[in-house]
Number of protein chains: 2
Amino acid sequence: MSTNTVFLNDTFIGTDQASLLITDLSIQRGYGIFDFFKTVNGQPIFLDDHIERFYNSAKNMHLHVSQSPAELKKIIGELMQRNNLPDSGIKITLTGGYSEDAYALPPTQNLIITQVPLIIPQGLQAEGITLATYVYQRQLSAMKTLDYSMAIWLQPFIEENKADDVLYHFNGLVKETPRANLFIVTHEGEVITAKSDILSGVIRKNILNLEDSGFQISARDFTLAELYNASEAFLTSTTKNILPVLKVDGKEIGNGKAGRITAQLYTLLLDKIR
Amino acid sequence: MSTNTVFLNDTFIGTDQASLLITDLSIQRGYGIFDFFKTVNGQPIFLDDHIERFYNSAKNMHLHVSQSPAELKKIIGELMQRNNLPDSGIKITLTGGYSEDAYALPPTQNLIITQVPLIIPQGLQAEGITLATYVYQRQLSAMKTLDYSMAIWLQPFIEENKADDVLYHFNGLVKETPRANLFIVTHEGEVITAKSDILSGVIRKNILNLEDSGFQISARDFTLAELYNASEAFLTSTTKNILPVLKVDGKEIGNGKAGRITAQLYTLLLDKIR
């Protein structure tokens with residue numbers, strides 16, 4: 001267990017000391033939100049995107065953040081100084097707070113900011129990963145909630161299917177993995193990611209916003225058959241950057257290797273991170 | 001805040017002292033299960049049903065209970081002695097446990113048993129309640145998980161609709177409220193509760209198992225239209241026993257008063273509790 005410093009509500013303390021009373025709505029009802037970003041070489045990546053999403057998740061889940069975005073950034077800066085971890089992952093969590101009856105949403109929430117060492121590979125991981133699909137639609141999907149019940153529950157399913165992760169689809173449409181967005185490249189060279197009822201990832205957003213990439217990149221819903229028939233597929237997330245998907249449900253995507261367009265998009269993404 | 005005694009993993013401590021480290025999977029991912037039963041006059045009600053469901057929920061959610069059912073009952077007995085609350089609600093919670101990476105399910109879970117004062121009305125609450133409906137299917141619905149994200153999130157919706165609670169329906173079929181099962185009585189006198197993709201409540205089970213009630217009581221799926229057209233409707237739960245539903249979405253059920261068959265079933269239920 002790490003002994004890094006954590007920010008809890010208004011104080012900096014050791015991870016080993018950081019606890020919540022059992023009346024918190026996360027413990028009682030699984031209720032809360034979070035966001036997660038990386039630091040590379042001491043620099044937070046896409047911090048404004050993550051802060052914006054954090055406040056949006058909070059607001060849409062009826063939770064109140066006591067700090068302004070500027071105050072939050074200042075706390076994050078101090079946490080980074082104390083931990084001195086240039087390459088790290090920083091998680092900002094806002095739990096439901098201490099509830100009198102373990103059900104009603106209290107006016108005050110609990111804020112937790114943790115930092116752990118994290119080195120993101122700075123090259124395209126050409127070996128890629130394999131996915132197994134599962135029928136599921138995330139609830140309250142536009143907000144980054146604490147609800148990963150299905151993801152945690154499916155850990156044995158992933159193992160049984162000898163896959164690296166699970167991919168959700170619902171009503172015939174491909175959605176997302178528990179912690180990443182999926183893109184496919186069609187045989188016509190179109191780059192697509194799911195549009196409806198998903199969490200809008202920050203890397204996803206930055207790929208969609210690439211200018212002058214030379215590719216046709218867009219968000220639209222697509223089917224599992226389109227994924228099976230794609231020429232390339234890859235995941236995007238803060239910890240993965242871009243990660244090739246080589247097999248889904250045992251079927252090779254394209255030629256079963258990391259794709260050419262995937263590699264080019266990865267280079268363009270790295271330009272935005274450096 | 002109550003200062004009752006709580007059982008946490010292996011010790012009895014005050015509620016104010018009972019806390020979990022922030023690495024627990026309930027705080028990180030909303031993962032865990034629980035069960036809840038009442039004591040009336042110092043006697044736990046339907047304890048075996050609740051214990052059985054607790055172990056089933058744990059097993060199906062890949063969680064491990066360190067104690068045997070007999071050991072758990074012994075701990076509950078000691079907790080009741082210490083708190084000396086003859087009429088109470090006792091909640092047994094099993095959280096995901098302390099996870100190294102805030103995602104993988106650890107081999108050991110955290111057990112929390114709390115007791116709070118609770119007096120259940122011993123007469124049919126003839127004033128009843130009103131419900132507002134919402135399209136939703138609970139995930140992992142057969143297990144009593146900590147996931148009440150939708151229920152907590154809908155608290156403002158319930159207020160806006162001037163209702164007492166929300167009723168879920170999905171694909172045209174009535175399901176349940178966040179913390180209770182729903183029964184309807186048809187104009188033919190048939191007593192029905194939803195069958196598919198719901199949590200099987202202990203009071204629901206005991207109503208379904210009533211023998212020689214003289215009523216035709218069964219579990220089968222029914223539509224929202226059938227509810228609107230029912231002659232009676234009521235909720236069942238540990239804290240509600242039987243609670244008449246007088247209005248749904250502003251429409252009166254039957255004559256908008258607690259029904260005759262509802263009252264008779266309530267009497268039969270009380271016979272099992274006393």
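In this predicted model, A:His50 touches A:Asp35, A:Phe36, A:Phe37, A:Ile45, A:Val202 and A:Thr238, leaving aside residues up to four places away in sequence. A:His50 belongs to helix α2 of chain A. With a relative accessible area of 2%, A:His50 is buried, because buried denotes a value under 20%.

Two packed helices are described by the angle between their axes and the distance between the axes. For α2 (residues 47–60) and α3 (residues 69–83) of chain A, the axes come within 11 Å and cross at roughly 125 degrees. The two helices, α2(A) and α3(A), are therefore oblique to each other, and their crossing is right-handed. On the α2(A) side the contact involves A:Leu47, A:Asp48, A:Ile51, A:Phe54 and A:Tyr55, which meet A:Pro69, A:Leu72, A:Lys73 and A:Ile76 in α3(A). The residues of this contact comprise seven nonpolar, no polar and two charged.

A further site is A:Thr223, located in the loop between β14 (216–219) and α7 (224–228) of chain A. A:Thr223 is partly exposed, at a relative accessible area of 29%. Beyond residues up to four places away in sequence, A:Thr223 touches A:Gly172, A:Leu173 and A:Val174. A:Thr223 and A:Tyr31 are separated by 192 residues in sequence and by 31 Å in space, C-alpha to C-alpha.

The accessibility values of the two residues are tabulated below.

| Residue | Relative accessible area | Class |
|---|---|---|
| A:His50 | 2% | buried |
| A:Thr223 | 29% | partly exposed |

How values were computed
Residues are numbered from 1 along each chain as its sequence is written. Chains are lettered from A and ligands numbered from 1 in the order in which they are written. This is a predicted model: local features need pLDDT of at least 70, side-chain atom pairs count only at pLDDT 80 or more; totals for chains, interfaces and linings use all residues. Side-chain values use heavy atoms; hydrogens and water are left out. Helices (H or I, at least four residues) and strands (E, at least two) are DSSP runs, numbered from the N terminus. Buried means under 20% relative accessible area, exposed over 50%, partly exposed in between (1.4 Å probe, protein chains only). Contact means heavy atoms within 4.5 Å. Axes are lines fitted to C-alpha atoms, for helices over the stretch in contact, and angles run from 0 to 180 degrees between N-to-C directions. Angles under 35 degrees count as roughly parallel, over 145 as roughly antiparallel, 65 to 115 as roughly perpendicular and the rest as oblique. A crossing is left-handed if the near helix is turned anticlockwise from the far one by less than a right angle, and right-handed if clockwise. Ala, Val, Leu, Ile, Met, Phe, Trp, Tyr, Cys and Pro count as nonpolar, Asp, Glu, Lys and Arg as charged, and the others, Gly among them, as polar.
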